[in-house]
Amino acid sequence: MGGGHGGGITYKGVTVHTPKTWHTVTGKGLCAVMFWILYRAKQDGPVVMGWRHPWDGHGDHGHGDHH
């Protein structure tokens, strides 16, 4: 299958190679992007899915405006 290039850790016949720096940095960056996407989905999801209108507000904020 894969070539035996570079170092790594072998456990029970399976060699796990150490990742390159750009793999680690890219993975952390994509994790941050996914966190931001999930945060925005939590905030704007009901409006995007059509479950709530954007002008309905986010609930009671205690401004004293009782319409």
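**Getting to know a predicted chain**

Modeller: Of the 67 residues in the chain, buried residues make up 3%. Buried means under 20% relative accessible area, exposed over 50% and partly exposed in between, with a 1.4 Å probe and protein chains only as cover. This is a predicted model, where local features need pLDDT of at least 70 and side-chain atom pairs count only at pLDDT 80 or more, while totals for chains, interfaces and linings use all residues. Residues are numbered from 1 along each chain as its sequence is written, and side-chain values use heavy atoms, leaving out hydrogens and water.

Colleague: Thanks! Which elements does the chain have?

Modeller: There are 1 helix and 2 strands, in the order β-β-α from the N terminus. Helices (H or I, at least four residues) and strands (E, at least two) are DSSP runs, numbered from the N terminus.

Colleague: How do you know that strand 1 and strand 2 pair?

Modeller: Two strands pair if DSSP finds at least two bridges between them. Strand 1 (residues 8–11) and strand 2 (residues 14–17) are joined by 4 bridges, so they pair, and they run antiparallel. Thr10 stands opposite Thr15 in strand 2. The two strands form a hairpin with 2 residues between them, and Lys12 in the turn has a positive phi of about 55°.

Colleague: What makes Asp44 and Arg40 a salt bridge?

Modeller: A salt bridge is a side-chain nitrogen of Lys or Arg within 4 Å of a carboxyl oxygen of Asp or Glu. The closest N and O atoms of Asp44 and Arg40 are 2.6 Å apart, so the pair qualifies. By this rule the count comes to 1 salt bridge. Both residues lie in helix 1, 4 residues apart, about one turn of the helix.

Colleague: Why is Asp44 called partly exposed?

Modeller: Its relative accessible area is 31%, which falls between 20% and 50%, so Asp44 is partly exposed. Arg40, at 32%, also counts as partly exposed.

Colleague: Which residues make the nonpolar surface patch?

Modeller: Val33, Met34, Trp36, Ile37 and Leu38 make a patch of about 520 Å². Patches are made of residues with over 30% relative accessible area and no salt bridge; like charges are joined within 9 Å, nonpolar side chains (Val, Leu, Ile, Met, Phe, Trp, Tyr) within 5 Å. Trp36, found in helix 1 (residues 21–49), counts as exposed at 54% relative accessibility.

How values were computed. Areas by Shrake-Rupley, 256 points an atom, 1.4 Å probe, with all protein chains shown as cover.
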